[in-house]
Amino acid sequence: MSAVMTTEKSDNAPRGAGKKQMDRLLLTVLGYVFISLLAIVCIIPFLLIISSSLTEESTIVENGFQLLPTAFSVDAYALLFKYPAQMLKAYGVTIAVTALGTLAGLFLTAMTAYVLQRKDFKWRNKFSFFFFFTTLFSGGLVPWYLMIVNYLDLKDKLIVLILPMLLNVFYIIVMKSFMSSIPEAITESAKIDGAGDFRIFIQLMLPLSKPALATIGLFIALGYWNDWYHALLFISSENLMPLQYYLYKMLGNMDGMRKAMVSSGAVVTMNIPTESLKMAMTIVATGPILLAYPFIQRYFVQGLTIGAVKG
Amino acid sequence: MLTPAVLFFILFAYVPMAGIVLAFKQFNYGGGIFGSPWNGLDNFRFFFESGNAWTVTRNTALYNIAFIIVNNVLQIAAAILLFEAVGKWFRKLSQTVMFLPYFISWVVVGAIAYNLFNYDVGTLNSILAAIGLERIDIYNTPSYWPFILVLVSAWKALGYGSVMYLAAITGIDTEMYEAAEIDGANVFQRIIHITIPNLYPTIIILVLLAVGNIFRGDFGMFYNMVGNNGLLFSSTDVIDTFVFRSLTTSNEIGLSAAAGFFQSVLGFATILLANYAVRKYDKDHALF
Amino acid sequence: MQNKKTLMLLFALMLVLTTVISACGSNNTASHNNGASNAPAEGTTEPTTNGGNSEELVIKMLLLGGKPIDYDTVFGELNKKLKEKINATVQAEFLDWSDWNQKYPLKFAASEDFDIAYTANWAFYNDQALKGGFLELTDELLQKNMPLTWKAMPTVAWEQSKVNGKQYMVPNNNPEVIDKAVLIREDLRKKYNLDPVNSPETFANYVKTIAANEKGINAYSAKPADGWKWHELDQILLEQKNEWNLVDYNMPLAYKLDDASGKVFNIYDTPEFKELLKYYKDLVDNHAWSKNIVNNKNDVWQDMKAGKTASYVHNLGTLSSNLAELRREKPEVELAIADLTPDKKKIAAISTQNGFAIHATSKKAERALMVIDLLQNDKEIHDLFMYGIAGTHYEAVGDDKFNATASTANFMGFSNWGANSPLNRKDASYPAEGDAIEAAWKQKVYNFDLETFVFNDTKVKNEVANVGNVMIRYAIPLEYGLIKDIDKGQADLIKQLKAAGIDKLQTELQSQIDAFLASK
């Protein structure tokens with residue numbers, strides 16, 4: 001293929017070379033400028049957060065958030081890590097839940113999406129509707145809570161952090177859309193060779209869907225990583241608290257208590273949480289996954305399907 | 001192979017869906033979901049008799065439409081540029097950076113916004129004052145907020161959404177690009193005539209999915225940005241924040257179930273229409 | 001054809017599944033009696049003699065707030081004593097402040113296993129009782145199992161916590177006055193030679209002077225962002241000053257304290273309110289508070305400590321401890337507590353500010369009541385539950401005071417106030433000014449017929465919700481001076497209230513009050 005390309009290119013070179021380079025250049029400039037602007041807008045607030053997490057509380061109260069810490073202090077982090085054992089446990093829970101949940105969830109999502117996009121599956125539209133309908137109507141918090149706590153008896157168990165989030169209609173549908181762009185010729189030829197559905201799925205579809213898997217996998221993982229809601233509702237044991245919930249508790253307790261004080265007439269003597277603490281929490285919660293993100297990026301590689309068809 | 005998914009949704013979505021009846025009942029603990037007495041359309045009254053039903057519904061829908069358009073356009077543009085126009089390291093770096101806003105909770109975003117926009121010591125007004133211009137009272141002027149909220153929403157969803165489009169772009173057959181080059185197309189023509197059309201399936205799917213939720217507001221964003229500032233409600237109040245405020249006095253499950261049911265019905269009607277329209281255009285691209 | 005059949009089968013299967021599971025559910029919940037008419041016979045599974053309990057029971061408590069760090073040690077001690085006295089131990093589950101709003105009703109809806117629940121009027125006590133979440137506490141139950149409380153609790157307290165004539169909670173025994181006061185910068189007042197702040201006029205003067213002369217400091221600050229439906233000064237300048245009583249903070253309806261007929265009126269539609277709006281506008285025109293105050297997310301006390309605010313409003317207890325705190329940390333900054341309505345009648349706090357209730361489905365009601373009895377009235381147990389372990393979490397100063405220690409923070413922040421009683425200890429560092437004001441207020445407590453009246457809003461829930469919304473949307477900006485034309489603003493507010501159904505609300509309230517007074 002490359003041989004062909006070079007010949008083509010050299011054929012065209014004298015005629016359109018200058019013009020091509022011009023618009024290539026234009027696009028490149030446009031690209032860098034536009035992306036840089038977006039990147040700046042995205043990073044500045046984050047810098048504010050980092051800086052505020054390292055600033056003395058009183059300075060924040062007086063001057064608000066600033067890009068560079070004028071009065072350096074690691075108090076917020078010290079407070080967060082005051083009970084390192086708990087913090088480590090929280091990290092552990094979150095990592096375990098994210099890893100298990102993402103693997104299982106991604107697999108199930110892909111499997112479901114695969115079936116749904118099969119054009120020879122007569123009921124695919126009906127099942128798509130079946131799944132999609134669940135995003136339209138909902139019975140609300142109470143019945144769902146009852147289901148999980150009373151009928152499935154999942155309260156205060158690690159699995160309750162994984163199970164309810166395992167499948168998400170949005171991801172199934174997006175994955176289905178990605179998979180349907182893979183030419184059918186591939187699966188057809190495998191079928192002719194006598195392979196069963198499941199084998200085709202595992203040995204053909206999965207490897208060919210790397211960008212899709214990487215994307216959806218990332219989203220599922222992020223969902224698990226950031227989740228505090230399920231822990232809030234269902235976990236009371238300290239050993240099973242994920243990171244986000246642990247941080248959220250620390251913060252929310254003081255805030256809500258203060259509000260209750262106003263109504264109940266009780267006396268407020270606790271230290272109210274600091275702005276710098278909120279910021280430090282964001283950093284602590286975000287750090288690990290951000291570090292992992294670049295590793296995932298390598299899966300956004302193009303053109304895996306082409307070779308397969310030709311070959 | 002579909003069994004696990006079907007089972008999952010039956011358990012976690014369809015069975016609890018029975019709870020929709022709560023919208024028509026006066027819930028008490030003794031009766032539970034099925035034993036509590038019916039009260040007809042009573043639970044809907046607070047919403048429809050408030051005089052605000054139309055405003056908040058309109059706001060919810062309009063904001064969502066704006067979000068869909070602006071967010072997607074921005075994300076597609078970013079994805080294309082990232083793919084076509086910039087070098088590998090720059091792309092990796094900027095992708096990571098663009099993802100950062102996703103991790104910032106709305107509570108923190110609200111705090112940062114307040115820091116930026118407040119009248120007395122906000123960054124924006126300090127700069128304006130320093131260069132001799134008059135200060136702007138953002139928090140008391142409803143007309144600025146649609147713009148602010150749309151921009152903030154786009155900012156927050158940028159990294160997340162552009163990843164989706166980037167993945168779609170990498171799946172496009174490069175043969176088409178080569179063919180276009182041979183035909184003498186320049187880069188812009190190639191983008192307009194090949195890349196974007198190939199993204200249509202993804203765009204349609206994402207838009208359809210968003211349309212189903214067109215009557216649900218992003219509570220986190222609206223609540224943390226606007227707070228309880230009544231002056232801004234005319235242009236920023238959405239169904240979810242309105243219902244939340246109404247229920248601070250009592251935790252009537254029936255009332256919130258009624259509001260939720262209202263949102264569901266409207267969303268359902270909308271998506272049926274939208275999906276039908278897409279089906280007419282291309283059967284394969286529809287949701288169902 | 002075949003496709004349709006299989007599809008039908010699937011739907012049928014789903015339907016069956018749903019019905020079966022739901023039926024199981026409704027069986028579970030239906031077996032719990034409708035709490036409102038629950039007979040006291042439930043819960044009599046153990047012998048009923050006081051102190052002679054043969055079976056050791058674990059009583060589960062549902063409390064609000066974060067689990068204190070030293071929960072295990074303190075409750076360990078507490079349980080030792082409880083076991084000695086009534087052969088019972090307690091286990092507490094904590095609902096964090098951040099989302100107790102959501103979790104609390106869920107616990108009841110799911111009929112979870114707990115016996116005692118903290119409750120309060122601001123924690124939807126009324127609602128929960130009417131929904132059948134709490135066990136009805138008859139006089140016999142109470143007398144038999146809570147002899148100490150029965151003796152110590154004033155009748156008014158019992159009366160105030162009744163719902164539709166039935167008792168559902170054991171209120172706290174803490175007849176405090178919950179009037180609000182203002183914390184001001186005494187040093188600044190002295191700097192400008194202002195009169196002592198003890199009335200709305202002197203306060204206005206103070207605020208305007210500070211605003212005019214001290215740059216970079218807000219003369220007054222508040223945090224309306226918390227969702228309170230009133231200007232934070234309203235309780236002082238509207239309720240206390242005019243000697244009105246707001247029936248419920250979620251509605252703008254009140255009656256005059258000494259009006260025997262209990263006629264209610266719309267606060268926003270009174271000449272006093274008009275005057276107050278002028279007062280607020282005057283303050284705003286003089287830059288008393290930030291233009292963006294309605295969006296203020298900063299903690300006001302922290303702002304005051306940092307010197308960014310020169311006054312704020314709160315209840316006496318909090319202001320007193322603020323005073324003590326700053327005295328310790330920054331003695332050079334002088335603060336003072338200003339009572340703006342020193343000569344007005346005072347109302348004692350309604351007993352339902354805090355309390356404990358028994359879960360309707362509890363099988364250990366009698367023992368649970370005994371536990372509450374001791375929590376409120378047994379000195380040792382009370383001290384443990386409220387303050388922790390003597391010597392570690394606090395230092396006992398005599399019988400009725402305490403000093404904070406380094407570990408005080410390890411056992412606090414949760415709703416143990418349900419056990420408030422005359423046995424409460426006071427912080428020894430409580431400033432003398434606070435004591436003085438408190439004593440003065442206690443002298444002026446006014447008792448009136450409607451003291452024990454509680455509004456039942458079941459029939460007007462929609463109006464309450466809508467009126468509340470109107471208050472946040474129209475009244476708050478108006479009161480904080482964000483609307484230029486206050487007359488038009490007031491007219492608009494009243495118009496919106498009428499649209500929201502305030503008249504229906506008022507009629508319902510008045511009829512309930514009339515019925516209440518007639519029955520006396």
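This is a predicted model: local features need pLDDT of at least 70, side-chain atom pairs count only at pLDDT 80 or more; totals for chains, interfaces and linings use all residues.
**Entry: chain B**

I looked up the secondary structure of chain B and noted 14 helices and 0 strands. Read from the N terminus, the order of elements is α-α-α-α-α-α-α-α-α-α-α-α-α-α. I then checked the extent of the C-alpha trace of chain B, which spans about 75 × 65 × 30 Å along its principal axes. Of the 288 residues in chain B, 48% are buried.

**Entry: chain A against chain B**

I next examined where chain A touches chain B. The contact involves 75 residues of chain A and 74 residues of chain B. On the chain A side, helix α1 (residues 2–53) gives the most, with 23 residues. I sorted that side of chain A by class and recorded 47 nonpolar, 21 polar and 7 charged residues.

Which way do α10(A) and α8(B) run relative to each other? I looked up the axes of helix α10 (residues 210–226) of chain A and helix α8 (residues 145–170) of chain B; they come within 9 Å and cross at roughly 170°. Angles over 145 degrees count as roughly antiparallel, and α10(A) and α8(B) are therefore roughly antiparallel to each other. From α10(A), I listed A:Pro211, A:Ala212, A:Ala214, A:Thr215 and A:Leu218. They meet B:Val163, B:Met164, B:Ala167 and B:Thr170 in α8(B).

**Entry: domains of chain A**

I consulted the domain assignment of chain A, which gives domain 1 (2–63) and domain 2 (75–310). In the contact between them I found 7 residues of domain 1 of chain A and 9 residues of domain 2 of chain A. On the domain 1 side, α1 and α2 (57–63) of chain A each supply at least two residues. The most on that side comes from α1(A), with 4 residues. I recorded the classes of the domain 1 side as 3 nonpolar, 3 polar and 1 charged.

**Entry: a helix pair within chain A**

I then took up helix α4 (residues 84–117) and helix α7 (residues 169–179) of chain A. Their axes are 8 Å apart, and the two helices pack at an angle of about 55°. α4(A) and α7(A) are therefore oblique to each other. I noted that the crossing of α4(A) with α7(A) is right-handed. The α4(A) side of the contact consists of A:Thr109, A:Ala110, A:Thr112, A:Ala113, A:Tyr114, A:Leu116 and A:Gln117. The α7(A) side consists of A:Tyr171, A:Ile172, A:Met175, A:Lys176 and A:Met179. I classed the residues of this contact as 8 nonpolar, 3 polar and 1 charged.

**Entry: chain C**

I counted 19 helices and 16 strands in chain C. Buried residues account for 49% of the 520 residues of chain C. Among its contacts between residues at least 6 apart in sequence, 77% join residues at least 24 apart.

I looked up the domain assignment of chain C and found domain 1 (57–174 + 350–424) and domain 2 (180–345 + 447–518). The C-alpha centres of these two domains of chain C lie 31 Å apart. Their contact takes 6 residues from domain 1 of chain C and 5 residues from domain 2 of chain C. On the domain 1 side, α4 (125–130) and α7 (155–160) of chain C each supply at least two residues. I noted that α7(C) gives the most to that side, with 3 residues. The domain 1 side divides into 2 nonpolar, 3 polar and 1 charged.

**Entry: chain C against chain B**

How many residues of chain C are in contact with chain B? I found 48 residues of chain C in contact with 41 residues of chain B. On the chain C side, α1 (2–30), α3 (100–109), α17 (461–479) and α18 (486–500) each supply at least two residues. The largest share of that side, 12 residues, comes from α17(C).

Definitions and conventions: Residues are numbered from 1 along each chain as its sequence is written. Chains are lettered from A and ligands numbered from 1 in the order in which they are written. Two residues are in contact if their C-beta atoms, placed from the backbone, lie within 7 Å. Domain bounds come from an automatic or database domain assignment. Ala, Val, Leu, Ile, Met, Phe, Trp, Tyr, Cys and Pro count as nonpolar, Asp, Glu, Lys and Arg as charged, and the others, Gly among them, as polar. Axes are lines fitted to C-alpha atoms, for helices over the stretch in contact, and angles run from 0 to 180 degrees between N-to-C directions. Angles under 35 degrees count as roughly parallel, over 145 as roughly antiparallel, 65 to 115 as roughly perpendicular and the rest as oblique. A crossing is left-handed if the near helix is turned anticlockwise from the far one by less than a right angle, and right-handed if clockwise. A residue is buried if 20 or more other C-beta atoms lie within 10 Å of its own, exposed if 12 or fewer, and partly exposed in between; C-beta atoms are placed from the backbone.
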